[in-house]
Amino acid sequence: MAVAAVRRLAATAPVPVFVARGGGTGLLPVELAFDARLRLVVSPRHATVLVAAGRFPGPLGVAVDRVHDQLPAPRGTLWWTADVDGDRPAALRDASVVTDADPVGSVVALHRDLCLGRIRSDAAVLADDPPNRFEGRGDHGQGGEGMMGGVPWGRPMAMTGDDRDGLALDRLPVVLGPFLPGFPNGLRVHAVLQGDVVQEAKLEVLDLGSGPRLDRLDPAAGGAQHDLRWLAEALRLAGLGALAVRAARLARAAPAPASRAALARLVRRSGLPAAWSGVGVIDGEDARARLVRRLDPSAPEGRSPGPSLERVAEVLVGQDWSDAVVTICSFDLPTDRAEAVIEAQA
Amino acid sequence: MIDVSSPSVFVHVSFWVFAAAAVLSGWRVFRTDSMVRATFLLLVSFLNVGAILLLLGGAYLGVALLFMMTVEMTVMAIFMVAFMMNPAGLNPMVMVHQPRLAAAAGWVLFGGGIVVAVWGRFPDRPLEPGRPVIVELGTELMGRSMLIFESAAVALVATMIGSVVLSSRRSRYGEAAGDDGSLPPPLDPVLGTYPTGVVPETSTDGGDGHGGDGHGGMH
Amino acid sequence: MTAQAEVWAAPLLTAGVLAAGAYVVAVLDAAVAAAVSGAGIGRSVLAGPLRRAALLVVQQPSATERPDAASWALAPALYAGLAAAGLAVIPWSASFSVADVEAGIVLWGTVESLAIVAIFLHGWSANTHQSLLAAYRFLAAGLSYLLLSMFVLIAAAIPAESLQLSRIVESQHGLWNVVRQPLGLPLFAVVALGSSTWGPLNLADGDDLSGGTTADVSGRPRLVWSGARAAMLTSFSAMAATVFLGGWQGPVLPGPAWVVLKTLVVLAALVASGHLFARVRTERFVTVCWLVLLPLAFLDLVIAGVEAL
């Protein structure tokens, strides 16, 4: 009785959605934040519905499978794609497919059915095995040397190593991506951290495939639209979710200059430009400059792809991880994201 | 708050519970397998001692002990993570060095404590209710004992500031950090930028540490 | 009230106030978010928090690989318990408070520092990278803002010549501390945002780290954690109202009503700041804390001391 009432109430909640962006989507799903019936969440652990948007060939498909299994029950999956014949990883095999521009209705219906128990929660697609065996080497069998290092049960552990400042402290190798909030599509970072400071970084873009795109930018307002989508993403990262929704709303249609200026004013007052100053400097331009450029409606729209991944990786070294995230998100890195703009310009 | 002159059953029971918890968590400090866990078990031990001080009627001393120990153990934890990034204590570590010597020293001290506890003569002067203990403590601290406590306080603040300075990125990597990158200062500019003046051999093994394919952070 | 009834009433009252406070925080948060985003405030603002809570009740709790299960489960409970302990020392009127202990200010300091431990453990024990990084950067900020709190609270205790909160309220008769020590309230607000890991100081649960310490928490543990954060913000607002805005003192209305009103004002300001100001960078915040805010807090203490002489 009470349980049923709680379930009915849960079914009416704004749907927490985790969007895994594959190929051919640009910054698209950001605009889902505009809809009050949804709530874009930053971790799959917070979602009931996984929206896999775009193409997922090869390793990207494996990553989707992993993310799929991280959603807590009740969970469901939607595949939002412009190409139903494309690669279909295990997690999407039984998923409902949405091909139209607006998946919100399907997401809400899926959530309601899941909460009310009308459909079964998705089963896991991967075996619940640790990716690495417990190796039996090292003092405690963790696979490293002495009490350090190794990959016990699949998670690399810290190992003593030389730091940039000549000390030799523990360094933890981590692999983050490709569906992190604010990350360009398909980007995976292999980093070595000491504390939260990046000691080494390598950026890798997983294959995003090719084919029809989901995000058709309006050729007339393409640049402005892209900038607003970018802003929505950046604001969300900076903890300004409400302003992000505002930016996403503007990105839906060709926005009036006055409303863009109002948004820019709020962003300037939020202290975000000041917070980003001095972060991720490449060619004399920091994250603040890149942000301010996009705030200005009169600035020339559309731009070439950002710096190479190698250059960005160089800048990441020495930053703490939060700054590294800001740096990565502040560019249009030469991945799927930038292609949308160039296509719209052409 | 607590009538110290005639303690109730509740106070007696609480004393034994706190005392047992303090000893038990103190013992676990040496038996656990992670630095962070050891740090916070030590904190639990101190918190229980603080609670016993409260039972004894030392309102300020008891609460101050809770407060101070918490901050100190937090400082310890931040260094533990900085030096040993070991989430959830997954990588088991032994918490003792020179265990035989330490055990011998521990038993000797414990024996000393027992001797004092059993044969020592303790004052039996229960606090009369309503006595302004905090005011008296303040007068003592800021009166005769001021020099000792103020020196200790200044030393503690200096340590805190020092630890923050040492761990901040700018102190470790200089002004250039993050912009152009920075390297440790060379001892001999001719030989290169390494502090020892010797270019270390580059390790070629990708090693155990880089496998695993990042199961954890793959959102 | 008889002694027997009081034993039961006090914890119930504290828990009730905190639960109500957490709901009010969620409603305020939704209202401010709706206003800032330009969507307009609708009726869903009132029901939204309950719906989201219901969803978290239905949702399965996550498991990670080899977490420190005990700390992971205990951290939210510890954090919620601390919010309650903090609220317990607040005097509601001249004659009633749950625990008006003599060393109230110091007890509050303990709550603040243990809250830092609870937040850190919540991130550390999940055994995942993002939550560890969040816990780590929070700890750096936490150690930096903690001293501010002690300085401004001791400054407020100086005119009262007592560490007891009821005496501090009485000392504000005729002149509230917010006027007498103008630096106190803004500095305390920084501590409040930090300890509840809220808004511009949401370093522990930030979206840039996939939700930080909550990155791998779902279901009921997440509900407890979110509720505890909102409860902590409520406790801090009540503390700010007591120490800087004259507590129960005010004309016409009874004392508890004034405490609630003043708490709501502080709460609204803190929640609004969350949607208007971007998250600080850890490095910048730590620098500003030690170089600017800490000297200001010391100045606050000096002003209070000079005035007392």
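This passage describes the chains of a predicted model and the contacts between them. Local features are reported at pLDDT of at least 70 and side-chain atom pairs only at pLDDT 80 or more, whereas totals for chains, interfaces and linings use all residues, and side-chain values rest on heavy atoms, with hydrogens and water left out. Residues are numbered from 1 along each chain as its sequence is written, while chains are lettered from A and ligands numbered from 1 in the order in which they are written.

Chain A contains 11 helices and 11 strands, these being DSSP runs (helices H or I of at least four residues, strands E of at least two) numbered from the N terminus. Of its 346 residues, 61% count as buried, a term that denotes under 20% relative accessible area, with exposed meaning over 50% and partly exposed the range in between (1.4 Å probe, protein chains only). Among the contacts in chain A (heavy atoms within 4.5 Å) that have a separation of 6 or more, 61% are accounted for by residues 24 or more positions apart.

Between chain A and chain C, the contact draws on 56 residues from chain A and 47 residues from chain C. The buried area, that is, the accessible area (1.4 Å probe) that two parts lose on being put together, summed over both, is about 4,400 Å² for this pair, and carbon and sulfur atoms give 56% of that area. Chains A and C are joined by 2 salt bridges, each defined as a side-chain nitrogen of Lys or Arg within 4 Å of a carboxyl oxygen of Asp or Glu; one salt bridge links C:Arg281 with A:Asp323, whose closest N and O atoms lie 2.7 Å apart. There are also 14 residue pairs in polar contact between chain A and chain C, both residues being at pLDDT 80 or more, where a polar contact is a pair of N or O atoms within 3.5 Å (within protein, one must be able to donate a hydrogen and the other to accept it, and residues adjacent in sequence count only if both atoms are side-chain atoms). Elements of chain A that each supply at least two residues to this side include α1 (2–11), β9 (168–176) and α10 (321–330), and the largest share, 5 residues, comes from α5(A).

The contact between chain C and chain B takes 41 residues from chain C and 37 residues from chain B. It buries about 3,200 Å², of which carbon and sulfur atoms give 80%, and in chain C the residues that lose the most area to chain B are C:Trp124, C:Tyr136 and C:Leu143, together 18% of what that side buries. The count of salt bridges between chain C and chain B is 1, and the side chains of C:Asp68 and B:Arg37 meet in a salt bridge with an N to O distance of 2.6 Å. On the side of chain C that touches chain B, two or more residues each come from α4 (104–124), α5 (129–160) and α11 (282–308) of chain C.

Within chain C, C:Thr213 lies in the loop between α8 (184–195) and α9 (219–244) and is buried, with a relative accessible area of 0%. Its side chain makes a polar contact of 2.5 Å with that of C:Asp205, and beyond four places in sequence C:Thr213 is in contact with residues including C:Ile119, C:His122 and C:Trp225.

Chain B averages a pLDDT (the predictor's confidence in each residue, from 0 to 100) of 73, with 67% of the residues scoring at least 70.
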